[in-house]
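Below are my notes on this entry, as numbered points. They cover the contact between the chains and then the fold of one chain.

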Amino acid sequence: MDPERILILDDDHEVAAFLAQFLVGRGYQVVAAYTGADGLAILRDGQIGLLLLDLKLPDMDGTRVMEEVHKLASPPDIVCVTGEGSLDSAIKAVEGGTAGYILKPVDPSRLDAIVRRVWERRRLLRENARLQAEMEGRLRETEAVLAIAHTASTTLDVQEALRRICRELTRLVGADTGAAYLLDPAGGRLVPCAGYRVPKDMLATFLAFPLPLGEQGFETEVWSARRPVFTDSVPSDPRFSYQLFKLFRHQSGLVLPLLLDEEVAGAFYMVWWTKRKALTERELALVEHVASQVTVVLRHARLFDQAQRERRQLDVLYEISRRLAAAEDTGQVLSLVVEEATGLLNVEAAGIRLREGEDLVVGARTRAAGRVMARPRIRVGESLSGEVVATGRPVMVEDLQKDTRYDPAHKAGAIEEGFQRLLGVPLQIGGRTIGCLLVFSKTRRRFSPEDVSLLTALGDHASVAIHKNRLYAESQAREQEATKLYEVTAHLAATLDVDSVLDQIVEKTVSLLGCDASGVYVLDDARGGLGFRRGLHLDPALTRDLVLQPGEGVAGRAFKERRPVSTADRLADSSLRYTPAAAGLMQAAPRAFLAVPIVVRDDVLGVLVAYFFEPHEFSEKEVQLLSSLAAHAAIAMDNARHYAEVKLQQSRLAQIFDSTSDGMVLVGPDGRVETANRRAGDMLGLDAADLVGAEFTELLAGYRSEGVDYQRMFATLRSLVDDPEHGGAGDLELRALRRILHWVSQPTKDSAGSTCGFTLTFHDVTEEREVSRMKSDFVSFVTHQLRTPLAGIKWMLELAGEDPDVPVDAASYVHDAQEAAQRLIQLVNDLLDISRLERGKLTVAATPTDLGELTRDVLAETAVLVREKGQRVSLAGDADAPRVLADPQLLRQVVVNLVSNAIKYTPEAGTIEVRLEAAGPALRWSIRDSGIGVPALSQPKLFEKFYRADNVVTLETEGTGLGLYLVRLIMEHLGGRVWCESEEGAGATFLFTLPRVETTG
Amino acid sequence: MTARRILLVEDDRFLRRAGEISLRQRGFVVTTAADGEEALRKVRAEPPDLVLLDLLMPKMTGIEVLKTLRAEEATREIRVLILSNSSREEDVEEIKTLGVSGYFVKADLSLQALGDMVARLLEA
């Protein structure tokens, strides 16, 4: 309904009524007044849109009314209605800003038109104004929203953002005061953090009052619905019963929750002190939009905070890990970790337990944790720590007092100290849990998943550092052990003195094992058992004559059972047995014994023992160490044994070498003399010491003064250096020393069979050669001595035979004597030839010889004898017989011998056939007689010395038995063969072959 | 024709006598010497046409005599025939280098053959 009315102000009641009636008929609301004062009163009341003004009023002039109207805040339009129309009044009216001027009587249609016009105009203006306001409102909104968005995107400071947004929001909704609240996670309440136009006197109170989230004083709807809640009558709204709202009396209020991830993170509260605000849909939507913007801010801020926090944590962790890396021992590492844990997680106490077998021992703890981790040792699985280690997963206790999982006794200390929460994470390396890291908090703050991962990260660093330090400590220990063992090895390598090595070993035993004394017992048959050999820190009076039997005491048992044996306390060990002889040992200082056998291959040579003067449990490590040392002792003793053997062998060999009667020189592959015995030195006229190491060829050069023959004599020897495989033998005539040495060379073979030089054996053959030479000289001498008188006899007989005055008988005697002398001379010649042939002294001058011609000559010489005996001799194949390579003189002897034999052993009128023919690459010469033949048994022996066939004895034939032997010797020398083919009684054929000489070339 | 002069050097008296007689029978003028020294004296005094030289002699061996003869200008060209009873190769070799007209073993030689050989040599 149109809020504006028309006021008719006219003192004429009829006119007024008429106009009123008309206008009402037109649908307008009308009100009338008859005096200016009444009219003004109504006008001041407002809501008059049009004033129909009679200029003539009883109490005042109409213009005065117009003036008053213009003073109004929203003046109505004025249409003057007057009975008097005067220019003056018209001008007044126009000047007064009228919208129209009507003369009475009023033309209703005209009035209607004017009123319509005015109403329309007024409506448009109102519309305009409304639009304008709306636009301005929108503009303001937009600006506000933009401002909020800008704030949201440019600031991470939540407080600041809220402050700004609070301001914008307040203005946006047109509130009088605005306040912003943020969630305090610790208290679970919203605390005021910003305000806009908060009245000064209320400020203090305002700041002191947080808004609870715990639904206290707030209806469920407010927080659980997570929606804005608005009321325009706070005092009477049951939802706003909270104290704060009562303290500040205000009319309208708007609670705008700020949500982050579905949870209330803050709120805005808009206050209209007096106004009954009506919140439009539009405003509500706007407000919610703002809320979502703020959410963005909060989210960013939270993310940023988180990032910052994480970054700081990383920095801290990095710093921690650096310091852990620099820590020098495990103790330092552990202390560092617990200190850092308290800082990182913002707790009051922290501690570490480390695993030792099935127990957990306190590794480190902060001072504040003293009573919390009171027990130094607990079992795995026991209490919180135990559970962490057993399961390998983090464990959290939210509220110590309310917790029912753990033994109250264990918690008592913690609770008394005021600790409320516990968090424990495992320390793990390579999948194994080596302990746990615990933190204790006195506040009620919950451990977030972040806290758990942070502590775990710290724990990982700690595990690595602990592990690293342990490894380092271990490796240090190992290195020390290795160094000590190496010293023993080095000593082993440097000396073969067993005792000194054993001394080293007992010393190292004491140092490496940390025991009080050590000793070595060695099996000694002479002493009847395990005799004490070397030791350290043992009473000498006790050990000097100590001999243990196998099985006796710890050492004896180790020996017998061939394995380490120990006793932690001999006083408590009833299984130890000692003979009365060793009773003294029972009274001595050592209480704990560890004995390890010293074994070489299959023999136990002795026992190494470590002694502690207090009871002591021996660890696996100690047994290993001692076994290692025993192994060294074994090597030392074995080496010494071998060395002794080798020395013995060597000295024996040296004795043999020097006591042989032959000289021996070994020349190495480098041409140097490796070794020579004394005899060699004596024989060569040198000091054996000078021989060794000398260059062999230089050595030989030293004999150059032996004369022309030096080259020949030493050539072969020299060549041995280059070709030791060749071997050889020969004579060395050393005139200066007046001796002849026969040398034999053999290649020297090593164990692999390859040649490494040659060995010369020298034999003094001076006497032998002398004898030989004497023999040869003797033979020559004797030959000469025999021949001379024989020649004398022969010549004398010849002279006598030629004397014509000699009687016939005497002449025949002379003739026979000549024949006898000739036979004797022949014998001497034969003997000489044989002697020389046998000794190899006859040099054979082989030349191509015509055997045919030679045979003819011989036959010619013997022709007389043949004729006398009436024998017939034939020769075949002599004319074109090929030449043979032979010494003609020697060959002649052969032919003469065979022909003579044939003549001799062929009876009168017998036949002799001589034949030459080719036989392969040789020439065969044969002579066949028709004599007595040679029995088969005799044939092989024909060519032996002094042999005459058995059947020959029966006949008178002269023969020395040397002829065929000489023939054989000569044939052997000429490189041919001679043999006999015969049947007894059917003659004999003697044959020989010689290699042919090729006529060409 | 001048009769040929032969010097027979031989320490064995039987051989010396037989040889001298046999050669004289053949018509040669024969002088004898019983050792090397005597031989050299006689050669220098009256150079023969041929020397029959034994090797094994006391005081001076045949080889030494031969060496001396060959060393002296006056006696270098005198023909020498060795008559020995040794047949050591070492001797034979050495003698061959000194230059002789022959080397014979007396025990293997008949007087007849000896005379023939001497005649042949001196005819040449």
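1. A polar contact here is a pair of N or O atoms within 3.5 Å; within protein, one must be able to donate a hydrogen and the other to accept it, and residues adjacent in sequence count only if both atoms are side-chain atoms. By that rule, 7 residue pairs, both at pLDDT 80 or more, are in polar contact across the interface of chain B and chain A.

2. The model is predicted: local features need pLDDT of at least 70, side-chain atom pairs count only at pLDDT 80 or more, and totals for chains, interfaces and linings use all residues. Residues are numbered from 1 along each chain as its sequence is written, chains are lettered from A in the order in which they are written, and side-chain values use heavy atoms, without hydrogens and water.

3. Chain B brings 24 residues to the contact (heavy atoms within 4.5 Å), and chain A brings 21. On chain B, the elements giving two or more residues are α1 (13–25) and α5 (111–123); α1(B) gives the most, with 8 residues.

4. Chain B has 5 helices and 5 strands, taken as DSSP runs (H or I, at least four residues; E, at least two) numbered from the N terminus. Their order along the sequence is β-α-β-α-β-α-β-α-β-α.

5. Of the 124 residues of chain B, 53% are buried, meaning under 20% relative accessible area (1.4 Å probe, protein chains only).

Technical notes
Buried < 20%, exposed > 50% of the residue type's maximum accessible area, 1.4 Å probe, protein only.
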